[in-house]
Amino acid sequence: MALEPHRLTAVQARRIVVRAQLLARSRPTSLLEVVRHLAAAQVDNCRHVAPSHELVLWSRLGAQFDVAEVDRCLADGSLIEIGGMLRPGEDIALYRAEMAAWPGGERPWQQDLAEWVAVNDEGRRAILHELEVEGPLPARALPDVTLVPWRSSGWTNDKNVMRLLEMMARRGEVAVAGRGPDGREWDLAERVYPDSPTVPLDEALRIRDERRLTALGVARATVPEVFEDVSSAGAAGEPAVIEGVKGTWRVDPGQLGQSFGGRTALLSPLDRLVFDRKRTLELFGFDYQLEMYKPAAKRRWGYWAMPVLHGDRLIGKVDAQTDRTRGVLRVNAIHEDAPWPGAARDGIRRELAGLAEWLGVELQLP
């Protein structure tokens, strides 16, 4: 018998989401605790303020977050990088079956990828040999003997080795071993990933859905393909309807009825709370886009404008940049979507001061 959907007010839904994302008043205290709960933190090395995954972790942990701990955890295997995401090392067990079945599915683009890798098998073998002998190595140090070059309409055009490495990682052959001056360093997966059993694919996908919903609190069962790995709940949890929002959602029942205490937080533009812009608009009424790819004249909020969370509302954006040459965190503008209460202004100034101190620079306000 189908479950009767939980009926949530908009406020209840937002508070579940904020609490699930570890952005409520009570902060976590451990890097691994955060990554294990969130299941993933997207790695992006744009250093306009700080790399995105570092901002995500700082938003939760605050001043106690030591960036060097990420490298230590990657080195000892307690963290791994899969698909551009930091994940708990033990989670490799949830990806091995998918890697073995790569590319999986019947979508035409998946078959196109498989055919491109197959025709460039000589290049794949050359990379494996070089890594076996010399790894870990950055992509630029690896041979490019691809027979058919990679073609795209975007920035990956002709990046043969990088694209081949990424697909070999999806196959479970290579893995990111760390990051050096030239970016990601690659090695044989067997030398990077912890030795753990394989969870059967159907069970692994179910567990990943459940963990994703735990991190999101409230989510759609299905979402556009580009967001599947970050904001889809699948069949996890229980159905819910949200006041003022169309359609049926999934809610983590373990997070219903919990108390809520909010705080003010600065978020990375790639933070899970705001990454799925449609979900953010539906649940928070928050209009937001990352504008770094727009011409400067067409930006409303700034190149790397950071969303501002206050309590259970997203209330504005902060356009800031770290200028390490001058040793300052320069705030170009603070955008209030609606006039802020004094508590929000005080809170964001504290967050900006804390961010500057964590970065080791001075705060420069407009």
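Modeller: On a 1 Å grid over the protein atoms alone, a cavity is a set of points where a 1.4 Å probe fits but cannot get out. This is a predicted model, in which local features need pLDDT of at least 70 and side-chain atom pairs count only at pLDDT 80 or more, while totals for chains, interfaces and linings use all residues. Residues are numbered from 1 along each chain as its sequence is written, and side-chain values use heavy atoms, with hydrogens and water left out.

Colleague: How many cavities does a search of the whole structure find, and what is the volume of the largest?

Modeller: The search finds three cavities of 30 Å³ or more.

Colleague: What makes a residue part of the lining of the largest cavity, and which helix gives the largest share?

Modeller: A lining residue has an atom within 4 Å of a point. Among those of the largest cavity are L38, R87, D91, Y95, D229 and R272. Helix α9 (residues 201–216) gives the largest share, three residues; a helix is a DSSP run of H or I with at least four residues, a strand a run of E with at least two, both numbered from the N terminus.

Colleague: Why does the largest cavity count as lying between domain 1 and domain 2?

Modeller: Domain 1 (6–88 + 200–364) and domain 2 (89–191) both give residues to its lining, so the largest cavity lies between them. The bounds come from an automatic or database domain assignment.

Colleague: How do the residues of that lining divide by class?

Modeller: The lining of the largest cavity has five nonpolar, no polar and seven charged residues. Asp, Glu, Lys and Arg count as charged, so D91 and R87 belong to that class. Ala, Val, Leu, Ile, Met, Phe, Trp, Tyr, Cys and Pro count as nonpolar, and the others, Gly among them, as polar.

Colleague: What lines the second largest cavity?

Modeller: The second largest cavity, of about 80 Å³, is lined by 13 residues, of which A41, Q42, L270, D271 and R272 lie nearest its centre. β2 (41–42), α3 (52–61) and α11 (272–275) each supply at least two residues of this lining. By class, it has eight nonpolar, two polar and three charged residues.

Colleague: What makes the next space a pocket?

Modeller: A pocket is an open set with protein on both sides within 12 Å along at least five of seven lines. The second largest pocket holds about 260 Å³ of space, and N45, R47, H53, D71 and R179 lie nearest its centre among 15 lining residues. α4 gives the most to this lining, with three residues. Domain 1 and domain 2 both give residues to the lining, so the second largest pocket also lies between them.

Colleague: Why do β11 and β15 count as edges of their sheet?

Modeller: Five strands form an open, mixed sheet in the order β11-β12-β13-β14-β15. β11 (264–266) and β15 (362–364) each have a single partner strand, so one side of each is left without a neighbour in the sheet. Two strands pair if DSSP finds at least two bridges between them. Three bridges join β14 (residues 328–336) to β15, so these parallel strands count as a pair. The bridge partner of L329 is L363 in β15.

Colleague: How do you know that the chain agrees with a compact globule?

Modeller: The globule rule is 2.2 Å times the number of residues to the power 0.38, and the radius of gyration is taken over C-alpha atoms. With 366 residues, the rule gives a radius near 21 Å; the chain has 21 Å, so the two agree. Its C-alpha trace spans about 65 × 65 × 40 Å along the principal axes.

How values were computed
Points joined across faces, edges and corners; volume = space filled by probe spheres on them.
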